[in-house]
Amino acid sequence: MCKYYYVLFLHSALPEPVAFYPLNEHYKAAEKDNRQPEGILGDVAITNGPYNEPGGAYMFFGTHTSYIEFPNDGGLDTRLSMTLMCWARPGGQDGKLFSYEKSDGVLIAIVDGKFFSRFTSRDGSTQIDIATTEAPATGVWAHVAATYDFSTGNVSLYTNGYLSNSHRVSAGLYIATNADKVRIGVIKGAIAEMKVYDAALKEVEIQASIRQGMCKS
């Protein structure tokens with residue numbers, strides 16, 4: 001699988017994320033390559049990850065104190081295009097997976113049992129909400145990715161690397177990623193491998209990013 005990834009993207013390199021939080025026992029609340037400040041752990045616990053690896057994820061308990069908080073000193077302010085993605089193991093309760101805390105203007109979450117994303121313009125004039133067509137299974141790991149493309153206005157939501165839903169809205173929006181804090185959690189369930197990109201990844205790139213996690217040591 002790792003060799004397949006290399007051949008597929010030999011002539012089209014996958015963009016580097018601006019942040020990759022493994023959210024595991026080794027890295028805890030640290031960004032993998034120290035590109036962003038380390039977060040602060042709330043009421044969370046280590047659990048098995050999406051590949052059933054011990055210590056590979058964090059468990060969240062669905063309470064207002066069960067989250068991991070990260071400062072945003074500008075490194076998470078993508079402004080234009082972006083992709084948010086993570087692995088999630090839903091616990092049967094709606095809640096946020098990742099959110100920019102100023103006004104929840106940009107987030108991915110579980111709403112009405114389905115994966116959900118929101119992209120809001122920085123001036124508050126435009127808000128785009130989109131949900132997957134099917135609900136993820138409770139207690140089963142699934143990968144979710146949400147994108148906004150500044151140049152086309154496409155907002156898309158992917159499950160397990162495949163497009164689930166997409167809308168075209170206003171192109172050229174400056175999105176509300178300028179909050180001074182972001183949070184992971186405030187959901188009942190587990191989360192691992194949260195990534196933030198300053199580009200709207202295509203389906204094949206999202207699949208490659210997922211495989212990067214599977215190829216880790």
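Let's start with a charge over a ring: Lys195 lies over the face of Phe20, at 4.7 Å from the ring centre. Such a charge counts when NZ of Lys or CZ of Arg is within 6 Å of the ring centre and within 35 degrees of the ring normal. Arg183 does likewise with Tyr67, at 3.7 Å from the ring centre. Please keep in mind that this is a predicted model, where local features need pLDDT of at least 70 and side-chain atom pairs count only at pLDDT 80 or more, while totals for chains, interfaces and linings use all residues. Residues are numbered from 1 along each chain as its sequence is written, and side-chain values use heavy atoms, with hydrogens and water left out.

**The open sheet**

- The order 2-5-14-7-8-9-10 describes an open sheet of 7 strands with antiparallel pairing; strands (E, at least two residues) are DSSP runs numbered from the N terminus, and two of them pair if DSSP finds at least two bridges between them.
- Its edge strands, each pairing on one side only, are strand 2 (40-41) and strand 10 (127-131).
- Strand 7 (residues 95-100) has 5 of its 6 residues buried, where buried means under 20% relative accessible area, exposed means over 50% and partly exposed is in between (1.4 Å probe, protein chains only).
- On one side, strand 7 is joined to strand 8 (residues 106-111) by 4 bridges, with Phe98 opposite Ile108.
- The hairpin of strand 7 and strand 8 has 5 residues between the strands, and Asp104 in the turn has a positive phi of about 55°.
- Strand 7 also runs antiparallel to strand 14 (residues 181-185), with 3 bridges; here Tyr100 has Val182 as its bridge partner.
- Strand 9 (residues 114-120) and strand 10 share 5 bridges in the antiparallel sense, and Phe119 stands opposite Ile128.

- Strand 11 (residues 142-148) and strand 12 (residues 154-159) run antiparallel, joined by 5 bridges, and Tyr148 is partnered with Val155.
- Between strand 11 and strand 12 there are 5 residues, and Gly153 in this hairpin takes a positive phi near 80°.
- Strand 12 is also joined to strand 13 (residues 162-168), through 6 antiparallel bridges, and Tyr158 stands opposite Leu163.

**Aromatic pairs**

- The whole structure holds 5 aromatic pairs; rings of Phe, Tyr and Trp (its six-membered ring) pair if their centres lie within 6.5 Å, and planes under 30 degrees apart count as stacked, over 60 as edge-to-face and the rest as tilted.
- Phe98 and Tyr100 are edge-to-face because their planes are at 70°, with ring centres 5.6 Å apart, and both residues are buried.
- Phe119 and Tyr148 have ring centres 6.2 Å apart and planes at 40°, so this pair is tilted.
- The pair of Phe119 and Tyr148 links distant parts of the chain, strand 9 and strand 11, 29 residues apart.
- Phe119 is buried at a relative accessible area of 0%, and Tyr148 is buried with 0% too.

- His143 lies in strand 11 and is buried, with a relative accessible area of 2%.
- Contacts of His143 (heavy atoms within 4.5 Å), leaving aside neighbours within four places in sequence, include Trp87, Tyr158 and Ile206.
- Met59, in strand 4 (residues 57-61), is partly exposed, with a relative accessible area of 22%.
- Not counting residues up to four places away in sequence, Met59 touches residues including Val44, Arg89 and Gly189.
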